[in-house]
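Student: I would like to learn how to read the helices in a model like this one. Where do we begin?

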Amino acid sequence: MFLAAKALLIKKGCNVGKTHVGLIKQFSLKYVKEDIFDYNIYKFLAETQSIREEADYSDIDTITGSVALNKINQAELFLIESKKFLD
């Protein structure tokens, strides 16, 4: 999802920051606030970032197989929505 969002921002000529948080914020401004990218699908990107940080910096891994499968399904929806903006 991160790389798809990054590609869409680059396509719009946006300066893409180096952090996940910065990219998510920029994506929200350029795609979601303009009501062109489905907000409910965009939320998958932000929520997944929180889980990634938890996995990277937490002492205990709380990501289960069902959580991972859910995120994969969300990523597929995010990619489908992203493809609408590639033409």
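Tutor: With what counts as a helix. Helices are DSSP runs of H or I with at least four residues, strands are E runs of at least two, and both are numbered from the N terminus. The model is predicted, so local features need pLDDT of at least 70 and side-chain atom pairs pLDDT 80 or more, while totals for chains, interfaces and linings use all residues. Residues are numbered from 1 along each chain as its sequence is written, and side-chain values use heavy atoms, leaving out hydrogens and water.

Student: Which residues of helix 3 are buried?

Tutor: Buried means under 20% relative accessible area, exposed over 50%, and partly exposed in between, using a 1.4 Å probe and protein chains only. In helix 3 the buried set is Ile41, Tyr42, Phe44, Leu45 and Gln49. Viewed down the axis of helix 3, they fall within an arc of 135 degrees, so they line one face. That arc is taken from the directions between the helix axis and the C-beta atoms.

Student: What covers the buried residues of helix 3?

Tutor: Contact means heavy atoms within 4.5 Å. The cover includes helix 1 (2-11), helix 2 (20-32) and helix 4 (65-83).

Student: Which residue caps the N-terminal end of helix 3?

Tutor: A polar contact is a pair of N or O atoms within 3.5 Å; within protein, one must be able to donate a hydrogen and the other to accept it, and residues adjacent in sequence count only if both atoms are side-chain atoms. Asp38 is the cap, with a side-chain oxygen 2.8 Å from the backbone nitrogen of Asn40.

Student: At what angle do helix 2 and helix 3 pack?

Tutor: Two packed helices are described by the angle between their axes and the distance between the axes. Axes are lines fitted to C-alpha atoms, for helices over the stretch in contact, and angles run from 0 to 180 degrees between N-to-C directions. Here the angle is about 175 degrees and the axes are 11 Å apart. Helix 2 and helix 3 are therefore roughly antiparallel. Angles under 35 degrees count as roughly parallel, over 145 as roughly antiparallel, 65 to 115 as roughly perpendicular, and the rest as oblique. Among the residues that meet are Ile24 and Phe27 in helix 2, and Tyr42 and Leu45 in helix 3.

Student: What is phi of Asp35 near?

Tutor: Most residues other than glycine have a negative phi. Phi of Asp35 is near 60 degrees, a positive value. Asp35 sits in the loop between helix 2 and helix 3 and counts as exposed at 71% relative accessibility.
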